[in-house]
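Please open the model in a viewer and keep the selection tool at hand. The stops below are arranged as a tour.

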Amino acid sequence: SDKTGTLTTGRMTVVSLWSDHHCYAVTGQGYKFGGKILEGEHQIHHGDKETSALEALLMTGILCNNTHITFGPEPVVLGTSTEAPLAVCGVKFGLDFESLNQSYPRVTEVPFSSGRKMMTTVHQLPQLSEVPEIPQHQTSYFFPSAPIVETFPYPTVENPRLVALVKGAPTYVLDRSTHVLNSENQLLLLT
């Protein structure tokens, strides 16, 4: 993502996203939630068909993040200048910040460091009864990939399931990645 706006408002703002060969523009300024995510002139919404990779990106931007948002008449966003814009962007897309953080509780965190150049958080996946409604074209909620749902059962007390989420410098993240999620819910081998 591209974060700008530090000179005009003192706060960075995500203005563009790239996911699975798609480039999206993000409107709105600062930490206001009124912006939109656009592909060309078409507004993209949470739950739209073939936005699974974008949704996973923005969910990671909320969950692999130490920003706190208090919602109300005047929402309050507390976070670093690099993390808060990622959380705000997920809210602009229509993701429920509070619900995601409750449904995917954080188990542990490996903080960003100048040596690793990335941050990792580990989250417990929700119980099947706690999974938010899944759009018909998806087979799971996080990550919305059929092989994950068909291969692994949802977590139980006896069998907790975890997911590690990473954000950081692209070259460092890509060097450690083996697969990529595309917009058709397929995990593809990186070659």
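**Conventions**

The model is predicted, so local features need pLDDT of at least 70 and side-chain atom pairs count only at pLDDT 80 or more, whereas totals for chains, interfaces and linings use all residues. Residues are numbered from 1 along each chain as its sequence is written, and side-chain values use heavy atoms, with hydrogens and water left out.

**Whole chain**

Begin with a cartoon of the chain, which has six helices and twelve strands; helices (H or I, at least four residues) and strands (E, at least two) are DSSP runs, numbered from the N terminus. Colour the 191 residues by burial: 38% of them are buried, that is, under 20% relative accessible area, with exposed meaning over 50% and partly exposed in between (1.4 Å probe, protein chains only). The accessible surface comes to about 10600 Å², and carbon and sulfur atoms hold 56% of that area; the areas come from the Shrake-Rupley method with a 1.4 Å probe, and for residues only the protein chains shown count as cover.

S16 stands opposite A25 in β3. The two strands form a hairpin with two residues between them, and D20 in the turn has a positive phi of about 50°. H21, in the loop between β2 and β3, also has a positive phi, about 65°, although it is not a glycine. H21 counts as exposed because its relative accessibility is 69%.

Next, display the largest pocket, with about 1800 Å³ of space. Of its 45 lining residues, L57, T60, V166, V173 and S177 are the closest to its centre. A pocket is, on a 1 Å grid over the protein atoms alone, an open set of points where a 1.4 Å probe fits, with protein on both sides within 12 Å along at least five of seven lines; lining residues have an atom within 4 Å of a point. Elements that each supply at least two lining residues include β2, α2 (52–63), α3 (84–93) and β10 (162–168). The lining has 26 nonpolar, 13 polar and six charged residues.

Move to the second largest pocket, with a volume of about 180 Å³. Its lining includes R11, Y31, F33 and E74.

**Helix α3**

How many of the ten residues of α3 are buried? Ten of the ten are, so α3 is largely enclosed by the rest of the structure. Among them are C89, K92 and F93. G94 follows α3 and has a positive phi, near 110°.

**Two loop residues**

Select N182, in the loop between β11 and β12. Is N182 buried or exposed? N182 counts as buried because its relative accessibility is 7%. Leaving aside neighbours within four places in sequence, N182 is in contact (heavy atoms within 4.5 Å) with D20, S52, A53 and L188.

Finish at K117, in the loop between β8 (106–110) and β9. K117 has a positive phi of about 60° although it is not a glycine, and K117 is partly exposed, with a relative accessible area of 29%.

Notes: Two strands pair if DSSP finds at least two bridges between them. Grid points are joined across faces, edges and corners, and a volume is the space filled by probe spheres set on the points. Ala, Val, Leu, Ile, Met, Phe, Trp, Tyr, Cys and Pro count as nonpolar, Asp, Glu, Lys and Arg as charged, and the others, Gly among them, as polar.
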